[in-house]
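This report describes how one chain is packed, element by element.

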Amino acid sequence: MNTEHLIKMANQIGSFFSTMPDREQAVADLASHLKRFWEPRMRRAFLAHIEQTQGEGVDPIVLEAVSKHMQQLAA
């Protein structure tokens with residue numbers, strides 16, 4: 001799994017959701033999107049990168065979504 005590609009995709013998704021006026025809803029929707037549309041091994045690789053590097057290269061809104069919805073994303 002290409003981690004750089006996953007980071008780029010996550011940041012693009014985060015960029016889309018960051019335009020929503022309600023930050024909490026945006027964060028929840030971003031996490032929901034990752035859960036619904038990313039296969040489990042993509043999520044595992046992405047979460048491992050965040051854990052190993054403290055989220056190097058990952059936009060703040062994406063880190064917030066992962067942090068707040070870790071249980072949902074790891075399942």
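In helix 4, the buried residues are Ile 61, Val 62, Glu 64, Ala 65 and Val 66. Buried means under 20% relative accessible area, exposed means over 50%, and partly exposed is in between (1.4 Å probe, protein chains only). Helices here are DSSP runs of H or I with at least four residues, numbered from the N terminus. The cover over the buried residues of helix 4 includes helix 1, helix 2, helix 3 and helix 5 (70-74).

This is a predicted model: local features need pLDDT of at least 70, side-chain atom pairs count only at pLDDT 80 or more, and totals for chains, interfaces and linings use all residues. Residues are numbered from 1 along each chain as its sequence is written, and side-chain values use heavy atoms, with hydrogens and water left out.

**Helix packing**

Two packed helices are described by the angle between their axes and the distance between the axes. The axes are lines fitted to C-alpha atoms, for helices over the stretch in contact, and angles run from 0 to 180 degrees between N-to-C directions. Two pairs are set out below.

| Helix pair | Angle | Axis distance |
|---|---|---|
| Helix 2 (residues 23-37) and helix 4 (residues 60-68) | about 75° | 9 Å |
| Helix 3 and helix 4 | about 105° | 12 Å |

Take helix 2 and helix 4. Their angle makes them roughly perpendicular to each other, a term that covers 65 to 115 degrees. Helix 2 brings Arg 23, Glu 24, Ala 26, Val 27, Leu 30 and Ala 31 to the contact, and helix 4 brings Pro 60, Ile 61, Val 62, Glu 64, Ala 65 and Lys 68. Contact means heavy atoms within 4.5 Å. By class, this contact of helix 2 with helix 4 has eight nonpolar, no polar and four charged residues. Ala, Val, Leu, Ile, Met, Phe, Trp, Tyr, Cys and Pro count as nonpolar; Asp, Glu, Lys and Arg count as charged; the others, Gly among them, count as polar.

Helix 3 and helix 4 are also roughly perpendicular to each other. Here Phe 46, Leu 47 and Ile 50 of helix 3 meet Val 62, Leu 63 and Val 66 of helix 4. The contact of helix 3 with helix 4 has six nonpolar, no polar and no charged residues.

**The core and its rings**

Which residues have the most contacts inside the largest nonpolar core? They are Leu 30, Trp 38, Phe 46, Val 62 and Val 66, in a core of 22 residues. Helix 1 (3-17), helix 2, helix 3 (40-53) and helix 4 each give two or more residues to this core. A nonpolar core is a set of buried Ala, Val, Leu, Ile, Met, Phe, Trp, Tyr and Cys residues joined through side-chain atoms within 4.5 Å.

Phe 46 touches Leu 6, Ile 7, Ala 10, Trp 38, Val 58, Val 62 and Val 66, not counting residues up to four places away in sequence.

How many aromatic pairs does a search of the whole structure find? The search finds two. Rings of Phe, Tyr and Trp (its six-membered ring) pair if their centres lie within 6.5 Å; planes under 30 degrees apart count as stacked, over 60 as edge-to-face and the rest as tilted. The rings of Phe 16 and Phe 17 have centres 5.1 Å apart and planes at 85°, so this pair is edge-to-face. Phe 16 is exposed at 55% relative accessibility. Phe 17 is buried at 10%. The rings of Trp 38 and Phe 46 also form an edge-to-face pair, with centres 5.5 Å apart and planes at 75°. Both Trp 38 and Phe 46 are buried.

**Selected residues**

Met 9 sits in helix 1. Met 9 is partly exposed, at 21% relative accessible area. Beyond its neighbours within four places in sequence, Met 9 contacts Trp 38 and Met 42.

His 49 belongs to helix 3. Is His 49 buried or exposed? His 49 is buried, with a relative accessible area of 11%. Not counting residues up to four places away, His 49 touches Thr 3, Ile 7, Gln 54, Gly 55, Glu 56 and Val 58.

Gln 54 lies in the loop between helix 3 and helix 4. Gln 54 is not a glycine, yet has a positive phi of about 60°. Gln 54 is exposed, at 64% relative accessibility.

His 69 is in the loop between helix 4 and helix 5. Its relative accessible area of 21% makes His 69 partly exposed. Leaving aside neighbours within four places in sequence, His 69 contacts Val 27, Ala 28 and Ala 31.

Conventions:
Parallel < 35°, antiparallel > 145°, perpendicular 65-115°, else oblique.
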